[in-house]
Amino acid sequence: MSSKKGIIYLLIIVLLFFLPTIIKDSYFLYMAILSGIFVILALSLNVIVGYAGQMSFCHSAFFGVGAYTSALLVMNLKFSFWLALPLAMVAALILAFIIGYPSLRLRGPYFAIVTVGCAEVVRSILYNWVDLTGGPMGLPKIPPPDPIRLGNLFTLTFNTRQSYYYLVLVFVLLTLFIIIKLMKSKAGRAFIAIREDEGFARSIGIDIKGYKILAFAISAIFAGMAGSLYAHYILFISPVSFTIAESINVILMVIIGGMGTMVGPIFGAILLTALPEVLRAVADYRMVLYGLLLMLVMIFLPGGLMAALRAVASLFSKGSGIAAKGGSIART
Amino acid sequence: MDTTFFIHLANGLAIGSSYVLIALGFTLIFGILDIIQLAHGEIYMLGAYCTYFLLELTGMSFFPALVVSAFVLAAVGLLLERILFRPLRTVPLLNLLLITIGLSIFLMNLANLLWTPEQRTIPTPYMLKTLHFLGLAITVQRVLVVVVSIIVMIAVILFIRRSRIGKAMRAVAQDKEGAAVAGININLVRYVTLAVGCGLASVAGSLVGPIYLVEPTMGATPVYKAFVIVILGGMGSVGGSIVGGLLLGVIETLSAAYISLALKDTVAFILMVLILWVRPAGLFGKILE
Amino acid sequence: MPVLEISNLTKHFGGLVAVNAVDFSVNSGEIVGVIGPNGAGKTTVFNLLTGVYLPTGGRILFGGIDITGWKPQEVVKKGLVRTFQQTRVLFSIPVMENLLTGFHCRTRSGIWGAVWQTGSKEVEDRSCRDQALEILNFMGLLKYKDELARNIPQDAQRRLGIAVAMATQPKMFLLDEPTVGMNPSETQEMIRLIGAIRERGTTILLIEHDMRVVMGICQRIIVLNYGLKIAEGSPEEIRKNPEVIAAYLGSEESA
C-alpha cells in the first residue's frame with residue numbers, strides 16, 4: 001500500500017474517531033451506528049459473494065441467529081455481552097456449516113437458490129418458535145452491553161449513543177482489518193480463483209469445496225457479530241428484520257458499492273442505509289423511488305460505484321499525466 | 001378419512017392450480033429468455049387488481065374481466081420486453097436478477113401508493129355458490145380455479161407444441177444461436193413469451209383474487225413458490241411445473257391443516273432445500289450442465 | 001520406475017466408451033506425445049489422470065503410488081498438473097497474482113498466519129515471490145508482471161497458463177494442445193519452451209495435433225483412436241505405422 005494511500009486512510013480513521021465531537025446531532029450518530037453495523041454485514045457478505053463469487057441469500061439468517069443468540073444469552077442466561085457476542089459468532093458459524101456442507105457442492109445458481117430456502121426456513125423458525133424467540137412479537141428490552149471495568153482506573157459504559165458509536169467503530173475497524181488480511185492471503189487468492197474459473201482453480205490444486213465453505217464461514221461469523229451489535233443497540237429484535245428482503249438489501253449494498261473491492265461495500269452500506277432516510281423526505285414515494293433507483297443503478301452502473309469512480313478517475317488521468325495515479329485510491 | 005381431508009385436498013388443488021399457472025409463466029420466461037423474473041409476482045398482483053377494477057368500475061362480469069386483464073397484462077409484458085428486457089439482454093444473469101428485484105419493489109410500492117394497502121376482494125357470485133359433490137361442499141370458485149387453470153394449461157401446452165411460434169419458442173429455449181441461424185425471429189419469440197407469461201400470471205391472480213385478498217404484497221410469496229416449483233419440477237420442464245405446482249399446493253395445505261399452520265409458506269422452501277440437497281435435478285428435470 | 005503408469009484405464013459415459021482399456025507408461029524425463037483423431041479420447045485421458053473424471057476401470061500409478069480416484073487437489077499436490085487447450089488463466093487479476101495463486105498447494109501457512117502475519121508466513125511469501133519472478137523470467141513474461149492477465153497478448157496468456165501450472169512444482173506436466181492456434185514462429189518458441197521445461201526436470205505428456213511438434217520433440221508417441229490405444233513407438237515407427245495412417249485418413253474422409 002502506497003504511503004499516500006496509507007496517510008489518507010489514517011486521516012479517515014482519525015476523523016471517524018473525532019466525528020461525535022464534531023457532529024453532535026443525535027440522529028446523525030444513530031445513522032452512523034446503523035451504517036457501521038451494515039458495513040460489517042456488507043464487508044462480510046463480500047467475502048462469499050464478491051471474492052469467492054458465490055451468490056448467497058442467507059446472510060440475513062446469520063445476522064438473525066447472531067442477534068437472537070446474543071440477546072437470549074444475555075437475557076435468559078445472564079451472560080455478559082462480551083461473552084455473548086463471540087458466542088453469537090460461533091452460533092452463526094455452526095449455522096454456516098449446517099447450510100454450507102450440503103449446499104456448497106451445488107453449482108452457483110443452485111447454491112443461491114438453496115440459500116433462499118435456508119434463509120426462509122431460519123426466519124420461519126425464529127417466527128414460530130414462540131417460546132424461545134417470542135415469535136412475531138420479538139424480543140423487547142434487550143440490555144445494552146455491560147460496562148467494562150478496569151480496576152479503579154475507569155469504567156466504560158455503553159448505554160449512550162456516543163459510547164456505542166465507538167464500540168461499533170472499533171468492531172468495524174477490526175472486521176475490516178481481519179478481512180483485508182484474509183483476502184491478501186492464500187485463502188483470498190483461492191477465493192478469487194474460484195470466482196474467476198473454478199475448473200482452472202481445481203487444476204492448480206485448490207480444494208474448491210473446502211474454500212467455498214471457508215468463505216461462507218467467514219462471512220457468517222462477522223454477520224453474527226453484526227447481529228449481536230444490532231440487538232444490543234436497537235434493544236428490540238423481531239423476525240421481520242431478518243427476512244430474505246434483508247439479505248437482498250445487503251447484496252445490493254455490496255453490488256452497488258462494487259463487489260470484490262474492499263471499499264465498495266463500505267460505500268454501498270453507508271449509501272443504502274442513508275438512502276431510505278434521505279428519501280424519507282418524500283415519504284410516500286420513498287420505496288417507489290428506491291425500487292426505481294435500484295433498477296437505474298443496476299442498469300447504468302453495473303460495476304457499482306467503485307467501477308464508476310474508477311471510470312471517472314481514469315477520465316482525469318487521461319487528461320494529465322500528473323493525475324495518472326488518481327485512480328489508485330479507488331482501486332482498493 | 002373424514003370429509004375435511006378432502007376439503008383440504010380440494011383447497012390444495014385449487015391453490016396448486018394457481019401456482020402452476022404462475023410457475024408456467026415463470027419457467028417459460030426463464031427457459032426461453034434466460035431471465036429470472038422476480039417481478040413476476042407483481043404481474044400476478046396487477047392481474048388481480050385489473051380484474052378487480054374492471055368489475056368495480058365497468059360492471060363487467062368475472063370471466064370477461066379475467067380475459068381482458070390477461071390481455072392487459074400481456075400488453076404490459078410486451079412493454080417490459082421492449083423497454084427493459086430486450087435492451088438488457090446481454091447483461092449478466094445476476095444483474096438482471098437484481099434489476100427485476102428493483103422492478104418488483106417499484107411495482108409493489110407503486111401499487112401501495114396508488115391503491116393503498118387496503119385489502120380488497122374481487123366479488124364474484126361463485127364465491128357464494130357451493131358445489132355439493134360426494135358429500136362435500138366446495139365453493140364454486142375453487143372448482144373454477146382448477147377448471148380454468150386446466151383449460152389454460154392445455155391451451156398453452158397445445159400452443160407450444162403445435163403452433164409455429166410455439167415450436168420456435170422451444171427451439172430458442174434449447175439453443176439460442178442455433179435458432180437465430182435457422183432464421184427464427186428471436187424478437188418475436190421473446191415478445192410472445194413475455195406476453196404469454198404475463199398473461200398466465202394475470203389469470204392466476206384473477207382466479208385467486210376472489211378467494212384470498214387482493215393487496216399490493218400478494219405477489220411476494222407466490223413468486224418464490226413459482227421458483228420452488230420450477231426447481232422441484234426441473235428447470236424448463238412444463239410437465240414438471242404442473243405436477244410440482246399441484247403437489248406443492250396440496251402438501252402446503254395439508255401441512256398447514258395437520259401439522260402446523262406455521263408451516264404453510266415454509267413447506268415450499270423446506271421441500272426445495274431438501275430436493276436440491278438430495279437430487280439437484282429436481283423431480284423431473286435433467287441435470288443441467 | 002516410470003513416473004506414470006496407466007493400466008487398463010477405462011471410462012464409460014453412459015453407453016459411450018470414451019477410453020477403452022488403455023495402457024502406457026511414461027518414464028522420468030521423457031517427453032511423450034499422445035495423438036489421434038478428434039474424439040479419440042485424449043483429453044478424457046487427461047481428465048482421468050487429474051481426477052476430474054472417475055475411471056470406470058483401470059489403475060493409475062504416479063510415482064509408484066496408486067492415485068486412481070484421487071481428488072484433483074490431491075493429484076496436483078502429488079506433482080501432476082495439466083494445462084488446457086483453451087487459454088485459461090485468471091483474467092481479471094495481474095500476472096504476478098496469477099503466479100502466486102499457482103503456489104497455493106505448496107504453501108503451508110493457514111488463516112492464522114494470514115491475520116497475525118507470523119514470521120514463517122513472511123518467509124514463505126518472500127520465497128513464493130522470488131520463485132514466481134524466476135518462473136516469469138523463464139517464460140518470458142517478466143515484463144508483464146503487473147499487467148492484468150486479460151491485457152497481455154494471446155500467446156503470452158498461453159504461456160501464463162503454463163507458468164501458473166509450473167508454480168505448482170509438478171513432477172509431470174500434462175500439456176493439452178499447447179500450440180493450437182499458434183503461428184509457426186510462436187510454435188517454434190513453444191517447442192523450445194517445452195524442451196526447456198523438460199531440462200528443468202519435469203516429465204511431459206503432451207496432446208498435440210501439429211505433427212511437426214510431435215515428431216520434433218517427442219521421444220515416444222502414443223496413438224489413440226475411438227478410445228483404444230492403436231500404436232505406441234518412436235516418431236519414426238509411428239510415421240510409418242499403417243494403422244495410424246488409416247486412422248487419420250479415415251477421420252479425414254469422414255470429416
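1. L41(A) touches H59(A), F63(A), A223(A), A226(A), V250(A) and A269(A), with residues up to four places away in sequence left out of the count; two residues are taken to be in contact if their C-beta atoms, placed from the backbone, lie within 7 Å. The model is a predicted one, in which local features need pLDDT of at least 70 and side-chain atom pairs count only at pLDDT 80 or more, while totals for chains, interfaces and linings use all residues. Residues are numbered from 1 along each chain as its sequence is written, and chains are lettered from A in the order in which they are written.

2. L41(A) is also one of the residues with the most contacts inside the largest nonpolar core, which has 280 residues, and A42(A), A92(A), V228(B), M272(B) and A163(C) are the others named there. Such a core is a set of buried Ala, Val, Leu, Ile, Met, Phe, Trp, Tyr and Cys residues joined through C-beta atoms within 7 Å, where buried requires 20 or more other C-beta atoms within 10 Å of the residue's own. Helix α10 of chain A (residues 208-234) gives the most to this core, with 17 residues; helices (H or I, at least four residues) and strands (E, at least two) are DSSP runs, numbered from the N terminus.

3. Of the two pairs of chains in contact, chains A and B share the most contacts, with 28 residues of chain A meeting 24 residues of chain B. On the side of chain A that touches chain B, α4 (81-103), α5 (108-128), α11 (244-257) and α13 (286-300) each supply at least two residues. That side divides into 21 nonpolar, five polar and two charged residues, with Ala, Val, Leu, Ile, Met, Phe, Trp, Tyr, Cys and Pro counted as nonpolar, Asp, Glu, Lys and Arg as charged, and the others, Gly among them, as polar.

4. Between chains A and C, 19 residues of chain A are in contact with 25 residues of chain C. The largest share of the side of chain A that touches chain C comes from α8(A), with seven residues, and by class this side has nine nonpolar, three polar and seven charged residues. Chain B and chain C do not touch, their nearest C-alpha atoms being 14 Å apart.

5. Chain C is divided into domain 1 (1-79 + 170-255) and domain 2 (92-168), with bounds that come from an automatic or database domain assignment. The centres of the two domains, taken over C-alpha atoms, are separated by 27 Å, and their contact takes seven residues from domain 1 and four residues from domain 2. Helix α2 of chain C (residues 72-78) gives the most to the domain 1 side of this contact, with three residues.

6. In chain C, four strands form an open sheet in the order β2-β1-β4-β5, with antiparallel pairing; two strands pair if DSSP finds at least two bridges between them. Because β2 (16-26) and β5 (65-66) of chain C stand at the edges with a single partner strand each, one side of each is left without a neighbour in the sheet. Two bridges join β4(C) (residues 57-62) to β5(C), and L61(C) stands opposite D66(C) in β5(C).

7. Elsewhere in chain C, five bridges join the antiparallel strands β9 (residues 220-225) and β10 (residues 228-233), with L224(C) opposite K229(C) in β10(C). The hairpin of β9(C) and β10(C) has two residues between the strands, and Y226(C) takes a positive phi near 50 degrees there.

Terms used:
Buried ≥ 20, exposed ≤ 12 C-beta atoms within 10 Å, placed from the backbone.
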